[in-house]
Amino acid sequence: MNDTLLARNVLALADDSLLLGHRNSEWAGHAPILEEDIAFANLALDELGHAQLWYELHQELTGREPDETIFFRDAADYLNVQLVELPKGDWAFSMLRQYLFDAYENVLLAHLVNSSNARVAEIAAKQRPEEMYHLRHTSNWVKRLGLGAAESHRRMTAALNELWAYALQLFAPLENAQALTDANILPDPRALQTEWENQVGAHLTASALAVPAARAPRAKSRSEHTAHLRELLTEMQEVARSEVYGVEW
Amino acid sequence: MTETEQLQAFEARIARGEKIEPGDWMPDAYRQQLIRMISQHAHSEIIGMLPEGVWLQRAPTLRRKLVLLAKVQDEGGHGQYLYHAAETLGVTRAEMIDALLAGRAKYSSVFNYPTLTWADIGMIGWLVDGAAIQNQTMLAHCSYGPYARAMVRICAEETFHKKQGMEQIIRYTRGTPRQKQMAQDALNRWWWPSLMMFGPHDATSPNSAQLIRWGIKTKTNDELRQDFVNKMVSDFHAVGLTIPDPDLYYDASSGNWISGEINWDEFWRVVKGDGPCNAERLQARREAQENGAWVREALAAYAAARGEG
Amino acid sequence: MNDSQWARYEVFEQERAGAPHRNAGSVHASDAEMALGNARDVFVRRPNCFSLWVVPEAAVFAKTAQEVARDDWYAAPAADAPRETYLVFSKKGQPARETFVEYVGEVQAATPAHALRVALETFPPQDVFVWWVAPERRVLKSEQADAASMFAPARAKKYRMHTFYPVEPIMRELKSAQGMLDNSEKTTDND
Ligand SMILES: [Fe+2]
Ligand SMILES: [Fe+2]
Ligand SMILES: [Fe+2]
């Protein structure tokens with residue numbers, strides 16, 4: 001019972017990182033300045049790498065190989081939050097989304113390194129140093145854009161108002177996840193949310209950005225998706241599905 | 001010292017194998033040739049991110065996605081190293097980028113061809129990065145220190161680019177009929193553009209003699225191209241692919257594979273801006289520059305307000 | 001901040017503990033903190049780094065041996081001008097694997113030119129082709145506490161290394177099966 005439940009939760013973590021990395025890879029060759037083009041690609045590579053680690057654990061729990069899970073699964077079965085499937089938007093939107101997600105990953109991983117499940121703890125420990133760097137990078141960017149100029153402030157405010165309710169979905173638990181919290185495998189999402197809101201709220205305020213009033217997540221279930229996910233997957237899976245699963249690429 | 005004595009001392013340094021460094025005396029023509037070559041090379045790396053970049057979202061496995069993103073990112077890094085090398089000669093990156101976006105600067109014609117199938121990704125790694133390595137291995141011995149050092153860094157990374165491409169194409173030649181067909185089709189389309197990467201024949205290459213005299217290059221365009229053809233023909237034959245050149249033959253006396261004539265009309269047309277994707281490539285760069293303007297300005301304002309930058 | 005590309009910062013990279021910091025190139029950045037991060041993202045995509053320094057290009061006083069010999073660059077500082085620490089870098093010799101200026105030590109001086117004059121008296125100038133000096137207060141250094149998040153992650157990205165793709169043995173096998181190996185390729189059989 002716990003294995004199936006854990007597999008679903010691990011898949012949700014994997015899908016979030018995969019799609020965020022996928023979306024951010026759209027900036028490669030198009031970022032505002034060359035150094036940041038390289039830096040942002042690094043963040044995307046890290047997120048894809050983290051997804052890989054979670055898909056490998058998912059395979060250990062279910063027997064399903066990562067590439068089959070990624071390329072031969074339809075939108076209805078993806079368990080990502082809507083936050084990461086949204087189109088990349090402008091630079092303020094992409095950077096702020098990455099920041100909100102990195103802040104969430106940092107509070108999450110700080111708990112997961114102490115998970116009672118050894119594999120979960122091990123994977124979290126691998127990701128944590130990279131995620132600390134992510135947060136340093138993106139929080140600096142949020143501060144510079146928030147305080148930099150009227151135009152950047154306007155765009156950041158618009159992005160924040162759009163993204164906030166989507167970000168809150170990160171703390172909506174999957175069905176029956178309470179059992180994993182009780183077993184000290186995953187942290188209590190309400191506690192995570194409080195930590196995240198305190199940290200993010202303080203940093204946004206220091207960056208002259210007003211924390212939106214919305215309290216309810218944009219979607220409650222990780223099975224609910226926007227039309228953007230189907231479009232994303234159609235493109236992402238096109239080449240893989242031009243042959244049967246198992247062909248070597 | 002007179003100008004002639006300075007020139008003699010300069011050429012004696014190059015003959016001794018010394019590197020010329022920023023601040024050292026150099027003939028103005030040396031400086032101008034280097035600025036032209038290095039900035040073109042930098043632009044090629046940056047534009048080179050685009051044809052492969054459009055396949056990042058369609059890579060058929062997670063591993064291929066990681067590899068391709070790392071490669072496209074590396075090309076940006078190469079552009080970064082090269083702009084730095086040119087900057088040491090007294091030109092700014094903003095000036096070089098302006099010249100590119102205004103259509104005044106050249107870059108490698110090969111990036112003006114479209115990527116039509118996923119097999120193009122492997123073929124570009126093998127052929128286009130392979131050709132780049134041929135050229136860059138020579139430039140790592142260039143007499144200008146900053147260019148040589150950029151090349152040393154770049155060559156180490158290009159080897160990864162080439163090998164990941166070879167791995168992919170080798171798999172397809174042993175894969176499904178459709179994969180085999182895709183690999184051959186990609187070779188058919190990329191073979192000639194990659195031969196063109198070495199530039200015009202020596203006889204029609206006005207700068208060649210001086211570049212060699214000053215140690216900027218150590219081999220001519222045709223010599224580099226011949227080395228490349230020899231290596232590639234043997235490699236592609238080994239994996240069972242056909243070189244799309246009916247005139248290709250082996251010359252036993254020289255040990256060289258002699259290829260048919262390059263379509264030079266096409267070469268000059270593409271170099272001068274009229275290739276299949278020239279407009280699209282420059283448009284993508286212009287949009288990135290314009291869409292990023294508010295970002296660069298905001299951060300400049302942030303730093304200025306804090307007395308930095 | 002005079003153009004669309006921000007200011008330029010010189011980057012010094014230390015490959016392992018105890019090795020000298022060596023100029024790797026430069027990065028554009030809007031401030032020093034960003035320059036340090038950009039240096040990491042640009043120059044440490046592969047595992048080859050222990051520590052990084054960045055310094056605004058405008059704060060570097062650079063002279064080649066040729067320029068030093070001209071002796072038109074020095075003006076003595078006022079006797080009571082305050083001294084500060086300058087870091088000194090030099091390019092020695094013409095090594096086979098081309099490298100540039102690396103850290104050799106520090107001097108106390110009042111001005112950049114003064115720092116170079118003191119450096120010439122302090123460090124052996126034989127065989128030096130390039131000198132750089134920069135005031136230490138303008139140098140931003142990575143913290144050892146951050147090494148795990150700044151430099152260690154490159155190690156996990158094995159797919160960035162060409163050794164991850166063992167294509168050479170496959171090519172040799174294919175060629176030898178078809179009698180295509182020439183002598184130069186045969187000799188590399190066991191590497
Ligand atoms: Fe992250
Ligand atoms: Fe490159
Ligand atoms: Fe490359």
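Three helices, α2 of chain A together with α5 (93–101) and α12 (278–291) of chain B, each put at least two residues into the lining of the second largest cavity. Helices here (H or I, at least four residues) are DSSP runs, numbered from the N terminus. A cavity is a set of points, on a 1 Å grid over the protein atoms alone, where a 1.4 Å probe fits but cannot get out, and its lining residues have an atom within 4 Å of a point. The model is a predicted one, in which local features need pLDDT of at least 70 and side-chain atom pairs count only at pLDDT 80 or more, while totals for chains, interfaces and linings use all residues. Residues are numbered from 1 along each chain as its sequence is written, chains are lettered from A and ligands numbered from 1 in the order in which they are written, and side-chain values use heavy atoms, with hydrogens and water left out.

Staying with the second largest cavity, about 170 Å³ of space lies inside; a volume is the space filled by probe spheres set on the grid points, which are joined across faces, edges and corners. Its lining runs to 16 residues, and those nearest the centre are A:Leu34, B:Ile46, B:Ile97, B:Arg285 and B:Gln289. Helix α5(B) gives the largest share, four residues. By type, the lining splits into 10 nonpolar, two polar and four charged residues (Ala, Val, Leu, Ile, Met, Phe, Trp, Tyr, Cys and Pro count as nonpolar, Asp, Glu, Lys and Arg as charged, and the others, Gly among them, as polar).

In total, the structure has five cavities of 30 Å³ or more. The largest cavity comes in at about 260 Å³. Of its 17 lining residues, A:Asn9, A:Tyr104, A:Leu108, A:Leu170 and A:Leu186 sit nearest the centre. Helices α1 (2–25), α4 (91–112) and α8 (189–206) of chain A each bring at least two residues to this lining, with the largest share, three residues, from α1(A). The tally for the largest cavity is 14 nonpolar, two polar and one charged.

Now for the metals. Donors are N, O and S atoms within 2.8 Å of the metal (3.2 Å for Na, K and Ca), and sites may look incomplete because water is not among the atoms. In chain A, the iron ion (ligand 1) is held at 2.0 to 2.4 Å by A:Glu47 (OE), A:Asp102 (OD), A:Glu105 (OE), A:Glu131 (OE), A:Glu131 (OE) and A:His134 (ND1). A:Glu47 belongs to helix α2 (residues 34–62) and A:His134 to helix α5 (residues 118–148) of chain A, so the pair ties together parts 87 residues apart in sequence.

Over in chain B, the iron ion (ligand 3) has B:Glu75 (OE), B:Asp129 (OD), B:Glu158 (OE) and B:His161 (ND1) as protein donors, 1.9 to 2.1 Å away. Its site is irregular too, with angles of 85 to 168 degrees among the four donor atoms. B:Asp129 lies in helix α6 (residues 119–139) and B:Glu158 in helix α7 (residues 145–173) of chain B, so this pair ties together parts 29 residues apart in sequence. B:Asp129 is buried at 4% relative accessibility, and B:Glu158 is buried at 2%. The iron ion (ligand 2) lies 3.4 Å from the iron ion (ligand 3), and B:Glu75 coordinates both.

Definitions and conventions. Four donors count as tetrahedral if all angles lie between 85 and 135 degrees; four count as square planar and six as octahedral if opposite donors are over 155 degrees apart and all others between 65 and 115; anything else is irregular. Buried means under 20% relative accessible area, exposed over 50%, partly exposed in between (1.4 Å probe, protein chains only). On a 1 Å grid over the protein atoms alone, a cavity is a set of points where a 1.4 Å probe fits but cannot get out, and a pocket is an open set with protein on both sides within 12 Å along at least five of seven lines; lining residues have an atom within 4 Å of a point.
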